Amino acid sequence: MTKAAATVREAGGTGAAAEFERLYRANVEAVTAYFARRSADPHVVADLTADTFVTAITSFGSFDPGRGTARAWVFGIARHVYAAHCEAYGQQQDRLQRLAGRRDLEPDQVEELLDRIDAERAGRDLVSGLGMLPDRDRALIELVDLAGLRPKEAAAVLGVTPGAARMRLMRARAQLRRHATTTNQGRHQ
């Protein structure tokens, strides 16, 4: 026996089950249409309709015909289900925006960021060029040109002779210049 069927049985036996079935059959299309007017996603419509009738079946014993019709009661549940869905969806969207760190920018902020992005093009080209260098040459460039170590100090860190470090540094810088020249020529064509 399903949980829903057990709940209906507890609510008053097989007569209650037949009564709920009549309620369901009389209102399922209208409730589906109610949600279809609010969402174009068929999965959402189906889920909200199912949630409405699951809530109705689990609380069927508390339905009081003296307070209104069964149809009004079901639509009251549907409204609550939809409100809960909207609230959960809104909270989910807020969390996603916070996770993405995205916020709406003012037009002047967008312009400022575009200028900054354009100004950092050479830096992006350098990072791109570093990616194509062998690991030891990249480490040497990072230690000398970015971290500010002297070539002799970088040689000690990398476990190579100072002469070898200077030669690798010279070749790596030449390769980065060629990469930058090629990138700039490709951009201007």
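First, a term we'll need: a nonpolar core is a set of buried Ala, Val, Leu, Ile, Met, Phe, Trp, Tyr and Cys residues joined through side-chain atoms within 4.5 Å, where buried means under 20% relative accessible area. Keep in mind, too, that what you're looking at is a predicted model.

With that in hand, look for the largest nonpolar core, which has 22 residues. Phe 20, Val 31, Phe 35 and Trp 73 are the ones with the most contacts inside this core. Helix H2 gives the most, with eight residues. To see one of these residues at work, zoom in on Phe 20. If you skip its neighbours within four places in sequence, Phe 20 is in contact with Phe 53, Ala 56, Ile 57 and Phe 60. There's also a second, separate core of 13 residues, and Leu 130, Leu 143, Ala 155 and Leu 169 are among its members. In soluble globular proteins, nonpolar side chains tend to be buried together.

Leu 105, Val 110, Leu 113, Leu 114 and Ile 117 form a nonpolar patch on the surface, and together they have about 400 Å² of accessible area. Pick out Ile 117, which sits in helix H5 (residues 107-119). Is Ile 117 buried or partly exposed? Its relative accessible area is 46%, so Ile 117 counts as partly exposed.

Now for the charges. Side chains of opposite charge can pair when their charged atoms come close. How many salt bridges does the structure hold? There are four. One of them joins the side chains of Asp 135 and Arg 138, at 3.1 Å from N to O. Both residues belong to helix H7 (residues 135-146), three residues apart, or about one turn of the helix. Asp 135 is exposed at 58% relative accessible area, while Arg 138, at 24%, is partly exposed.

Asp 145 pairs with Arg 173, their closest N and O atoms being 2.5 Å apart. Since Asp 145 lies in helix H7 and Arg 173 in helix H9 (residues 162-188), this pair ties together parts that are 28 residues apart in sequence. Asp 145 is partly exposed at 38% relative accessibility, and Arg 173 is partly exposed at 30%.

Terms used
Residues numbered from 1 in each chain as written. Predicted model: local features only at pLDDT ≥ 70, side-chain atom pairs only at ≥ 80, totals over all residues. Heavy atoms only, no water. Buried < 20%, exposed > 50% of the residue type's maximum accessible area, 1.4 Å probe, protein only. Helix = DSSP H or I, 4+ residues; strand = E, 2+ residues; numbered from the N terminus. Contact = heavy atoms within 4.5 Å. Patch = residues over 30% accessible without salt bridge, like charges linked within 9 Å, V, L, I, M, F, W, Y side chains within 5 Å. Areas by Shrake-Rupley, 256 points an atom, 1.4 Å probe, with all protein chains shown as cover.
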